[in-house]
Amino acid sequence: MPLLHVDDVVVRFGGVTAVNHANFEVEPGTVTGLIGPNGAGKTTCFNVITGLQAPTEGRVWLDDRDITRMPVHRRARHGIGRTFQRLEAFGSLTVEDNVRTALDIHDGIKGLLRAVDGSADLEIAALLERVGIAEYARDRADSIPTGVARLLELARALACDPRLLLLDEPSSGLDEAETEAFGSLLLELAQEGRTILMVEHDMDLVMNVCDTIHVLDFGSIIAQGTPAEVRADAAVQKAYLGYAPAPSSTEASV
Ligand SMILES: Nc1ncnc2c1ncn2[C@@H]1O[C@H](COP(=O)(O)OP(=O)(O)O)[C@@H](O)[C@H]1O
Ligand SMILES: [Mg+2]
């Protein structure tokens, strides 16, 4: 059974149809890509899955539960975490306090004990270490580079121990070496049993780490399959004008 099922979702903003009968599933323990040109409706899909945007039509299923009308905070309790394309870190807090906020909320009453025995501090340090931004722990979130802020959002999402992690353009702002380290981290997270759904424009990263890719164009899924299948798909190549489907291709210009 899929962990997530986006079931015939439509989102209209006035005259604009941002998502047009989108249908796709995400299998547990996979890294799944959601790709498509700018304006294809990827972020809107994420907003529907996380509850920030109510769909005009259609449903969202987590396991076999219909979560279409579930509030955002309850979806988080059920294991959905995310990062944002337009960063949403708490700018006036330090990097470590951004993560602490998520951990405290996730821990609830247990957090009171953890604040006293120091284990929360250890976990925050471990999370920052894991995503590779330990050196920024005491910096204000509004003073750090974009790439670091994306990794901060990842650490903050991980503090809530998500089963399903949605990442919206996570590699923008990362250099090549950082992107490679980030790709390895995604594979590790999936091996631990987390499920990752990623919107990403860096085609090398997408092709290297994703098990399955769904391609969205004008709000509809136009192709899905393995990286090799999607790369060879004529409709995908047409939607991605400028994307050279050669094995050694670098970042797509989309
Ligand atoms: N809140 C909104 N109000 C009106 N139009 C929106 C809103 N959010 C997104 N759109 C429009 O919906 C379409 C899809 O946007 P989006 O989901 O952000 O695409 P993507 O993430 O694939 O680039 C675009 O045409 C965008 O302008
Ligand atoms: Mg977007």
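Q: Two strands pair if DSSP finds at least two bridges between them, so in which sense do E7 and strand E8 pair, and over how many bridges?

A: In this predicted model, where local features need pLDDT of at least 70, side-chain atom pairs need 80 or more, and totals for chains, interfaces and linings use all residues, E7 and E8 (residues 195-199) pair in the parallel sense over five bridges. Side-chain values use heavy atoms without hydrogens or water, residues count from 1 along each chain's sequence as written, and chains are lettered from A and ligands numbered from 1 in written order.

Q: Which residue in E8 is the bridge partner of Leu165?

A: The bridge partner of Leu165 is Ile196 in E8.

Q: OK, and the four-strand sheet, what's its order and pairing?

A: The four strands form an open sheet in the order E2-E1-E4-E5, and the pairing is antiparallel. Strand E2 (16-26) and strand E5 (65-66) have a single partner strand each, so one side of each is left without a neighbour in the sheet. Strand E1 (residues 4-13) is joined to E2 by seven bridges, and Leu4 stands opposite Val26 in E2.

Q: What packs on it?

A: Helix H1 (residues 42-50) packs on this sheet, touching E1, E2 and strand E4 (57-62), with contact meaning heavy atoms within 4.5 Å.

Q: Switching topic: how is the chain split into domains?

A: The domain assignment, which is automatic or from a database, gives domain 1 (1-79 + 162-254) and domain 2 (89-161). Their centres, taken over C-alpha atoms, are separated by 25 Å, and the contact takes 17 residues from domain 1 and 13 residues from domain 2.

Q: How much area is buried there, and which residues of domain 1 lose the most?

A: About 1,200 Å² is buried between the domains (accessible area lost on being put together, 1.4 Å probe, summed over both), with carbon and sulfur atoms giving 59%. On the domain 1 side, Arg77, Pro162 and Leu185 lose the most area to domain 2, together 36% of what that side buries.

Q: How many salt bridges between them?

A: The count is three (Lys or Arg side-chain nitrogen within 4 Å of an Asp or Glu carboxyl oxygen). Separately, Glu188 forms a salt bridge with Arg130, where the closest N and O atoms are 3.0 Å apart.

Technical notes. Two strands pair if DSSP finds at least two bridges between them. Helices (H or I, at least four residues) and strands (E, at least two) are DSSP runs, numbered from the N terminus. Axes are lines fitted to C-alpha atoms, for helices over the stretch in contact, and angles run from 0 to 180 degrees between N-to-C directions. Buried area is the accessible area (1.4 Å probe) that two parts lose on being put together, summed over both.
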